[in-house]
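Please study the sequence and the structure before reading each solution.

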Amino acid sequence: MTAPLLLQPHDKDLGGGFKVRRLLPAAKQRSVGPFVFFDHFGPATETPGSEHDVRPHPHIGLATVTYLFEGAMMHRDSLGSVQEIRPGAINWMTAGRGIVHSERKPDTLRDATYVNHGLQLWVALPQAHEEVEPSFVHTAAADIPALEVQGVPVRVLVGEAFGVRSPVATLSQTVYLDVALPAGGRFELPALARELAVYPVDGDITLDGEPVAQHQMAMLAEGQGGVLAAQGAVRLVVIGGEPLDGPRFITWNFVSSRRERILEAGADWAAQRMGQVPGETEFIPLPGHPFQVQQAADSGTTPV
């Protein structure tokens, strides 16, 4: 049996011990189903003096998917959405033709000490929907389907699995699961989609008997499932879906099937034509001169 393709995290310290591990895009695997970006942040202790707020910044051509294990974040965007993000909920922001948002410490926690820990993923929108109207949808933790499969607790965050469907609406086949593998547990993951990957959040596992270390991402063979096992209790996520419908370019916070569209978005942001978040006066400037575009996500396509 062929060993799974393992993706290694690229770690970045944002200061004060706040670490982000990036798994996608990777040189060996640019995307998994529609997912083109995978960041695992924390766990990091937030104190009254810590400052990890993300100032207003733009997106096009993608949907951001935010999921917390611990902590809280305050989302605000140019549509006027204001939503405190808490553990277990799914927060799906469709950028489409363009949106601006910020992510900050909630005011109620400014003087508190707490832990922030979660995942930030991007889904590339199908080409026919890249320029849809932007939107933001919050799905509460209580509304996410939770069940026990083979004695293992599973939450179906996005998509359909094991006879249940998440209420989170998508524009292409998307799979996103939160699996709590118990100590000594074994879980037969079926072929839920053409492309699937497994990411152990807080411990080591095996996939079909091959070791997968904590914070590695393991790609399953196309159209195949696999057997997951662990000696200790491990939380893991499964992502995947139908492969992208053609190549994508990704530069900074922009994703598009058209290089010129990203350049246009860069010019719009530099001229502050993409909207404003009510109540915000700060923003993140457009990085780099000249603003360059790289092909970043396409099954079987190498970056240029």
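**Exercise 1.** Identify the residues that touch the most other members of the largest nonpolar core.

*Solution.* A nonpolar core is a set of buried (under 20% relative accessible area, 1.4 Å probe, protein chains only) Ala, Val, Leu, Ile, Met, Phe, Trp, Tyr and Cys residues joined through side-chain atoms within 4.5 Å. The largest core has 29 residues, of which Phe 38, Ile 90, Tyr 176, Met 217 and Ile 239 touch the most other members. Strand S6 gives the most to this core, with 4 residues; strands are DSSP runs (E, at least two residues) numbered from the N terminus. Another core, of 25 residues, lies apart from it and includes Val 149 and Leu 181.

The model is predicted: local features need pLDDT of at least 70 and side-chain atom pairs pLDDT 80 or more, while totals for chains, interfaces and linings use all residues. Residues are numbered from 1 along each chain as its sequence is written, and side-chain values use heavy atoms, without hydrogens and water.

**Exercise 2.** State which residues line the largest cavity.

*Solution.* A cavity is a set of points on a 1 Å grid over the protein atoms alone where a 1.4 Å probe fits but cannot get out; lining residues have an atom within 4 Å of a point. The largest cavity is lined by Thr 64, Thr 66, His 75, Ile 85, Asn 91, Met 93, His 101, Glu 103 and Phe 136. Strands S6 (62-70), S9 (90-94) and S10 (99-104) each supply at least two residues of this lining.

Key: 1 Å grid on protein atoms, 1.4 Å probe; cavity = no way out; pocket = protein on both sides within 12 Å on 5 of 7 lines; lining within 4 Å. Buried < 20%, exposed > 50% of the residue type's maximum accessible area, 1.4 Å probe, protein only.
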